[in-house]
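Work through the following exercises with the sequence and the coordinates open, and try each task before reading its solution.

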Amino acid sequence: MVYYVLVFLKVNYLLANILAYSAGTINSYFWNKAWVFKCQKDHSELFYKFVIVNLITLLLNSSVLYVLVTFSLGKIVSQVAATFFGIWTNFLLNKIWTFKVKEVEG
């Protein structure tokens, strides 16, 4: 929604992507920690890893967006495709690294 509004207001689509993604990242951290992964770890380590994962995902998302817009797919359709790609990348990286549950030997 943020992306769509910014593009509608004639903000460059890549800048709109970065701004919208940043807003979503803050929201996503709290939902992922509390609900998706139900993680009880300290915020400092988690947030550091979460930011790294989201910077990687933002770079990949922006790259896919740029390529698709360059091939004339349209800014909104390209964003939907890039977001789909980014969601899975982000989830997998967070699952295997950020919120990884260490197995207890017993």
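Buried here means under 20% relative accessible area, with a 1.4 Å probe and protein chains only, and helices are DSSP runs of H or I with at least four residues, numbered from the N terminus. The model is predicted, so that local features need pLDDT of at least 70 and side-chain atom pairs count only at pLDDT 80 or more, while totals for chains, interfaces and linings use all residues. Residues are numbered from 1 along each chain as its sequence is written, and side-chain values use heavy atoms, with hydrogens and water left out.

**Exercise 1.** List the buried residues of α4 and find what covers them.

Step 1: Ser78, Gln79, Ala82, Gly86, Thr89, Asn90, Asn94 and Thr98 are the buried residues of α4.
Step 2: Their cover, judged by contact (heavy atoms within 4.5 Å), includes α1, α2 and α3.

**Exercise 2.** Describe how α2 and α3 pack, and with what handedness they cross.

Step 1: With axes as lines fitted to C-alpha atoms over the stretch in contact, and angles running from 0 to 180 degrees between N-to-C directions, α2 and α3 pack at about 145° with their axes 10 Å apart.
Step 2: The crossing of α2 and α3 is right-handed, the near helix being turned clockwise from the far one by less than a right angle.
Step 3: Among the residues that meet are Tyr21, Tyr29 and Phe30 in α2, and Phe47, Phe50 and Leu58 in α3.

Technical notes
Buried < 20%, exposed > 50% of the residue type's maximum accessible area, 1.4 Å probe, protein only. Helix = DSSP H or I, 4+ residues; strand = E, 2+ residues; numbered from the N terminus.
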